[in-house]
Amino acid sequence: MKGRDVRNQTAKAAVLVAAGALVLAACGTNKTESGGGGGGQASCDQSKGTLVVGVISPLTGELSALGKGIENSTRLAVDQANEKCAVKGYKLAVDAQDDQKNPTLGAQAATKLSTDPNVVGVVGTLNSSVAQSVQPILAQKKILQISPANTNDTLTKGKDFATAPKRQFDTYFRTCTVDSLQGPTAADYLTKKAGKKAIAIVTDGLTYGEGLADEVTKQAQKNGAKVVTREKVGEKDTDFSGVIAKIKPTNPDALFFGGQYPQAGPLSKQLKNAGINIPVMGGDGIFDDKFIELGGKDGDLATSVGAPTESLDSAKAFVEAYKAKNYKEGFSAYGAFSYDAANAIIGSLATTLNGGDWSDSKRADLLTNVGKYKSGGATGEIAFDQYGDSTNKVLTVYQVSSGKWSAVETTG
Amino acid sequence: MTTLLQQIANGLVLGATIGLIALGYTMVYGIIQLINFAHGEVFMVGTFGGLATFRWILPSGIKSQWYLALPLMLLGGVIVAVVIAVIMERFAYRPLRNAPRLAPLITAIGVSFFLQEAIRVWFPNADSAQPFPLVFIDAQVRIGDISVSASGVLLIAVSIVLSVLLTQYVSRSRMGRAMRAISQDPDTARLMGVNPDRVIVLTFILGAALAGVGGVLYGSYITNVDNSIGFQNGIFAFTAAVLGGIGNLRGAVIGAFIIGLIKTLGGQYLPGGSSYDYVWIFLVLILVLVFRPQGLFGEAERVRA
């Protein structure tokens, strides 16, 4: 009998360990890729040392396609600045930190960057949920942060962004637009242009997906369409048959997914396999070639921030320069926004220093100068309003046709 | 009614997947009282083994003929899973055979992380999700209004057949008797001429082979795989094994189907919907551990693998 007692205890201990492992899994590894971005020219005066532009984005894991695009585009901007001697007396470098779309890792990355006195600003994050944990850490040290991709409204204007907007962090800016514009654009397209009447909504439960889905719901109902059901899927789910079976009897004619492509792609495919032939629509989080590779089908839709990068005149130089660098990964949905974010940091830094020396006391001036920053960028005119939001409100609706994303409508 | 049946069908497919993994958990536990947390990763590695076979070994002419491609991929997945399991047993667990219980348990978690990261770093592009070919017939099996993909039906069938075969093997064959002997009393079994090392390795091999089969079939059912699929399914499988009474083969399979059904039916009918389905699974586990710590079949059946 003693033997069995021991076994039962082991089983119980194992349950505890399993619970612990679940928590641990959320952390994963912390892979660091640091520095060494700027191939500075000998002709520039770099006698005062190196200043660092930080990057916080998912460099590994399922969103690495987007994250690497952010990192590479930042590196491109920094390399160009070094070639042009944009900041007198200093060499610029990139320190890219991996957040694996995980708020805890994002906080670690932000802490790490904030202990380096040479970090002038940070480009990132990709995920709104990660931004929530990164913002306060950087703000505490007055470190400038410009996100190329966070579209959640509350990050700049707070919880009551529609009625009583209040600036959250004076260190935080973004070059992309927000969900309160993106959601309605998506809903308008679905209900007015595509004539959908019954929309099913599925989210991944994260900050971005939930916020976007709320905006879509509001606008779709305003336009007279019905939201027939709203479901949530797990972040790590791969088998959506349960949710699909739940959606099926509600007979939707379109599905809006608030989340990102690692779930959206398979969901689209499994919907089709289950005999539900309706388009899946998502926001900028599913606008990636990987969505199609993972199962996104012809007819699926996405809104994304800005005008199509490849077609924008102001973006052509960026696209060419990016190609010339032969990065392993494409610039993805947020490349141009990251490039503009990095340039806003560098440009404002040059204005702030104006030939002088960098020190912590310059951070306040740097923030003021970013607020006043105005320049032509890869995504159009780059400037920020009093909340830190981009003044660029352009959105584009894309559709998958013949296995590729193509722009169908640009608004704003 | 249609929805209920459809969710039951979905639950059975999930249960079949979990069952194939849970058998490995429960067998290893039955023999050496080790909760092999890396077993979920063996399943994942098997999936990637099948994927590698498809990508780099199968000639392109065969790829579209499932009756050739699928068995070869299964073979590839099983070989990879078995090799990994044998290495794992030899270098990670055997040196700790006489160490305190907690040491191999922690080692198992270490091995689990190692395998996850190894795939992410060394398998080309596996740092993000990879499409897995739908090798089996691309069709839906329809019974009335409910439909399940052919791959899902195959998964259920294979899972049931393999669990029956395994139970028979353990209760009828010479090697199965040796396994049960080691499980009951390793020292006496050794005196009777049973070689424990051989039996333990065989246990790992059997468990890994089942996980490998499960991994490849699951991959072609889901058609998207990444290095974390083993973790989640592994936790479910472990839960299933505990639920059914760890060490008990039949219990593991029944536990797996119960968990599959709780997940889909709980997501459909219980408050909170699909966002709370995990809650119900672990709630049931806690209740079972409180009121019946030995698991559902832990006492009644003494057939230990």
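The crossing of α1(B) and α9(B) is left-handed, that is, the near helix is turned anticlockwise from the far one by less than a right angle. The axes of α1(B) and helix α9 (residues 196-222) of chain B come within 9 Å and cross at roughly 170°; axes are lines fitted to C-alpha atoms, for helices over the stretch in contact, with angles running from 0 to 180 degrees between N-to-C directions. The two helices α1(B) and α9(B) are therefore roughly antiparallel, the term for angles over 145 degrees.

This is a predicted model, in which local features need pLDDT of at least 70, side-chain atom pairs count only at pLDDT 80 or more, and totals for chains, interfaces and linings use all residues. Residues are numbered from 1 along each chain as its sequence is written, and chains are lettered from A and ligands numbered from 1 in the order in which they are written.

**Sheet in chain A**
- An open sheet of 7 strands runs β8-β7-β9-β10-β11-β14-β15 (chain A) with mixed pairing; strands (E, at least two residues) and helices (H or I, at least four) are DSSP runs, numbered from the N terminus.
- At the edges are β8 (226-232) and β15 (404-411) of chain A, each pairing on one side only, where pairing takes at least two DSSP bridges.
- β11 (residues 301-305) and β14 (residues 395-401) of chain A pair in the antiparallel sense over 5 bridges, and A:Ala302 stands opposite A:Tyr398 in β14(A).

**Contact between the chains**
- 44 residues of chain B are in contact with 43 residues of chain A, contact meaning C-beta atoms, placed from the backbone, within 7 Å.
- Elements giving two or more residues to this side of chain B include α1 (2-32) and α12 (277-291) of chain B.

Technical notes:
Two residues are in contact if their C-beta atoms, placed from the backbone, lie within 7 Å. Angles under 35 degrees count as roughly parallel, over 145 as roughly antiparallel, 65 to 115 as roughly perpendicular and the rest as oblique.
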